[in-house]
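Here is a short tour of charged side-chain pairs. Have a look at the sequence and the model, then read on.

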Amino acid sequence: MYPTRRSWAVAGLVAAVAALAVAVARPLLLGGAAVAGGWFLARQAAFVRALEDAAADLSVEQSPTRLGVRTTTSTPVTLAARLAEPSTLELSVRAGLPTAAAADEELELDMEPGETDRAATTEVSWPTAGRHRFGPATLSATDGWFRDSVPIGSGPTVTAEPPGPRNVHVGEGGDRLASAYGEHEAGRQGSGLEPAELREYVPGDTADNIDWKATARLASPHVREYEAETERRTLLVADHRGALATGRPGETKLDYLREVALATAASTRELGDPLGLLAVGDAGVTGRIEPASSPRTYVSVRRRLLDMEPTVPEDPPSTVSGRSAPDATAGGAADLRRTIADLEADDAFSRQLRPFYAGRQGYRERFDDDPLYAAVRAAQGRTTGRLWTVIFTDDAAPDELRETVTVARESGEVLVLLAPTVLYEPGGLADVEAAYDRYVAFEGFRRELSGMDRVRALEVGPGDRLSTVLSAGRSRRSRSTRGEFA
Amino acid sequence: MTPPRERRYLLGLAVVVAAYAVAVGPLAGIPAGLATAAVGYWLGTPYAVAAGHVLLLPIFPDGAHPLSVGLVEAGFLALLVFESPATPAPRRFATAGVAAAAGLGALAWGLGATQSVPVAAAVLLLAFGATVYGLHRYGLLATGGLTTTDTPTEP
């Protein structure tokens, strides 16, 4: 509660009268100070009571039209105040807009004494992504002598998301994937914490595993087994070459693949599996994070995925973590050619090795110039043990991808998340029949990849555009069916 | 400053004039009461109270009889009650005003009789300040002004 200038004047008057009483040595004036002071206190008490009543009678509603928004959009927010009983105070109610919200104008409404109902609306934009919780509205009241502000009610929470893919489809042949990416079961028993089963003791079991309580209960030795705790080392291979820039702003192939990669990384973190990242640009590897299960690694992978932008062929590899980018593309083919040249000599050593290198020459030359293949191959070379490789790329270079997957599956299972180009090209659906044909071709390639041992391939794209393409296919099939029966 | 001009308040000012006339006598009391009422009409009750008490000084140069002072103070308390309908909480204003004025007045009277005027004035002002602060704290508690809010934005 804050006194206004008028109140300060009265308080000063009380002090002045008391001072005058001292100056003239007349206690009679102290009576004046006491009555004036009593009046001041009465005014203060009346204000407190009126404010109490107003705060109890007032209901405030802060209602944005949507609770989920994009950072590029604005949304109307309405502030409505209703008093059960009219107040004698002058009231104003200010919305508790979050700090990160930007309003066209202050969202505030004034209520004159006697008014019971007011509402105001303003456009609010959300430049910062995140969860923004409205604070309580602020009721300010004054009777001309005192003023005060109190919080009223509570506010909703608006979630602002950065512009990006809205309807991410992940699936096979138009069917959406049901399970979360990254889930895995050990399917075997071992040391762990989760009880799996109780079974009878067999020779060979160690005495440590005997469940003595169960043994006593069942009158024969029993062993309790536990779910084995497993971890799956996961390497995300994120292709962010120029071809991944296809699509409308905020809805490119890379944007969609990024969403899925972030979800995969989150799932991996939830499962506590070691996670690594291999980012591949047009000129080679732009970032490498070795698989680890430390919180720092998860954060680094997430940050790197969020920072990823499509490269252009001229871009040199960037520097990551203070090290120059690895030489996944440079040197491989050239070294091979130099090696073969060195084997031109007609000695026994050269004769012995020449067929080996000659047989591999085409294969290496063909793919060493390809950054994705070279990056995955280099990563496999450094890897010991099993590795789950998740490749995020598009269908622009099927041959290269096929070979990349072949290399990747050497060290474990491979999941390929493919962005079909036909679903991203801005004018790609102008001729929906042709788009369907292209999608069928893509689906054939995806199935081919999925048919490989230890490989699963999924499509990633905008669900609405995929539905358009698939309905074109259904229309075509129904037309052809009618034609057959006609 | 716009003082309350309701009829009730004018009635209260009339009571003050009458109190002065009875306490001091019509010759000096009515002019003093009218002057006090004029100040109250134009500036408000606390100024009327201050002016009315200052006017009593020349009227009672050698000290006033307690009955006379009591009558004048009763007139001012009546003014306070008559003013209450114009306040945001009339009943609270009237009861708090009468109680506070009576309490502070009793304190001043008691201290004035036993202590020196400076001590009495100091204690009176201290009591006044403490009550103002206490009401301020009560207001914070009663209206929820002491509640804290969480950080409104999360990443």
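Predicted model: local features only at pLDDT ≥ 70, side-chain atom pairs only at ≥ 80, totals over all residues.

## A pair within one helix

Where do Arg258(A) and Asp255(A) lie? Both belong to helix H4 of chain A, which covers residues 253–271. They sit three residues apart, about one turn of the helix. A salt bridge joins Arg258(A) to Asp255(A), and their closest N and O atoms are 3.2 Å apart. Are these two residues buried or exposed? Both Arg258(A) and Asp255(A) are buried.

Another salt bridge links Arg94(A) with Glu106(A), whose closest N and O atoms are 4.0 Å apart. Arg94(A) is in strand E5 (residues 90–96) of chain A, while Glu106(A) is in the loop between strand E6 (102–103) and strand E7 (108–111), so the pair ties together parts that are 12 residues apart in sequence.

Arg94(A) counts as partly exposed, at 32% relative accessibility. Glu106(A), at 55%, counts as exposed.

## The wider picture

How many salt bridges does a search of the whole structure find? Over all chains, there are 24. Salt bridges also form a network, which links Glu172(A), Glu443(A), Arg446(A), Arg447(A) and Arg456(A).

Note on methods. Residues numbered from 1 in each chain as written. Chains lettered and ligands numbered in written order. Heavy atoms only, no water. Salt bridge = Lys/Arg side-chain N within 4 Å of Asp/Glu carboxyl O. Helix = DSSP H or I, 4+ residues; strand = E, 2+ residues; numbered from the N terminus. Buried < 20%, exposed > 50% of the residue type's maximum accessible area, 1.4 Å probe, protein only.
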